[in-house]
Amino acid sequence: MSRHRLVALDVDGTLMSYDGVISDDVRRGVTDLVEAGVHVVLATGRAAHSAVAVAHDLGLTHGWAVCSNGAVTVRLDPDAEDGWSVARSVTFDPGPALRAIAMELPDALYAVEDLGVGFRVSAPFPQHELSGEHTVVPFDELAAAPVTRVIIRAPQSTPEEFHEIVERVGLHEVSYAVGWSAWLDLAPGGVSKASALEEVRRDLGVEPFATLALGDGENDVEMLRWAACGVAMGHALDVVRAAADEVTGTIEDDGAVAVLRRVLV
């Protein structure tokens, strides 16, 4: 096995169960990869401050993490303040997308990322759904300045309805991912976990054939296609499984463990 291999790992629904638990076997698998000289990169929709907390919990104190679905890349460094710094970030004007979606879903909850801090929100989100500090601001203020990420939460809608709304309003200037629930993530156009990971791969000098990615959500599709070996979790939707080279077990089966162990073979 090449010691310069890059392994990109989604967090929620892949390494971590939906109730926020990372098993001991997953922890050992990540530790073994790091000790073997593998570049383990978390690639998540989580904001930077939340992604770093997971990285540190897993014992990842050096290297990289891709956050906010690729809009933010951070450098893990124990000598930096709080153990990390922003290496790259990509922003976009959220105004057109926010106003277009608000015409369709006036009662939805809206949030924009406040990088490194938390979120500015149109109204309080359900408890534990957003990390960091939350500041309630007028809707127009959400759309007033460039941001790395927009979140739209509409409990009365379904993921299928979100897909239909996106097609109807034509969000051509942004990238988007629909979550398992009535949750829509917007990122700068052309930005994904894959685009950020490609920059990390080049920074690390890892050959394209030495990359592996593991994920379970629609926001992982580009990443699975990018990797030389893309692995989908067993509970992933058909569109995610179709983007992968292979499928492992579900989150309930700790399906990530078999993949982590196999990298060392």
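Reader: Let's say two strands pair if DSSP finds at least two bridges between them. What is the bridge partner of Ala 8 in S12?
Author: Ala 213 is the partner of Ala 8. Helices (H or I, at least four residues) and strands (E, at least two) are DSSP runs, numbered from the N terminus. The model is predicted, so to speak of local features needs pLDDT of at least 70 and side-chain atom pairs count only at pLDDT 80 or more, while totals for chains, interfaces and linings use all residues. Residues are numbered from 1 along each chain as its sequence is written, and side-chain values use heavy atoms, leaving out hydrogens and water.

Reader: Thanks! How many bridges join S1 to S12, and do they run parallel or antiparallel?
Author: Four bridges link S1 (residues 6-9) with S12 (residues 211-215), and the two strands run parallel. Helix H9 (residues 255-263) packs on the sheet there, in contact (heavy atoms within 4.5 Å) with S1, S12, S13 (229-232) and S14. The direction of H9 makes about 170° with that of S12; axes are lines fitted to C-alpha atoms, for helices over the stretch in contact, and angles run from 0 to 180 degrees between N-to-C directions.

Reader: And what's the strand order in that open sheet of eight?
Author: The order is S5-S4-S3-S2-S1-S12-S13-S14, with mixed pairing. S5 (84-89) and S14 (246-247) are the edge strands, each pairing on one side only.

Reader: Switching topic: where are the domain boundaries?
Author: Domain 1 covers 6-89 + 191-264, and domain 2 covers 94-186. Those bounds come from an automatic or database domain assignment. The centres of the two domains, taken over C-alpha atoms, are 24 Å apart.

Reader: How many residues are in contact between domain 1 and domain 2?
Author: 21 residues of domain 1 are in contact with 16 of domain 2. About 1200 Å² is buried between the domains, with carbon and sulfur atoms giving 56%. Buried area is the accessible area (1.4 Å probe) that two parts lose on being put together, summed over both.

Reader: Nice. What about the six-strand sheet, which order does it have?
Author: That open sheet runs S8-S7-S6-S9-S11-S10, again with mixed pairing. S8 (133-136) and S10 (174-178) stand at the edges with a single partner strand each, so one side of each has no neighbour in the sheet. Neighbouring strands are turned by 25° against each other on average, direction ignored.

Reader: Which strands does helix H3 lie across?
Author: H3 (residues 95-104) lies across S6, S9 and S11 (183-188), at about 165° to S6. S6 (residues 109-114) is joined to S9 (residues 150-153) by four bridges, and these strands run antiparallel.
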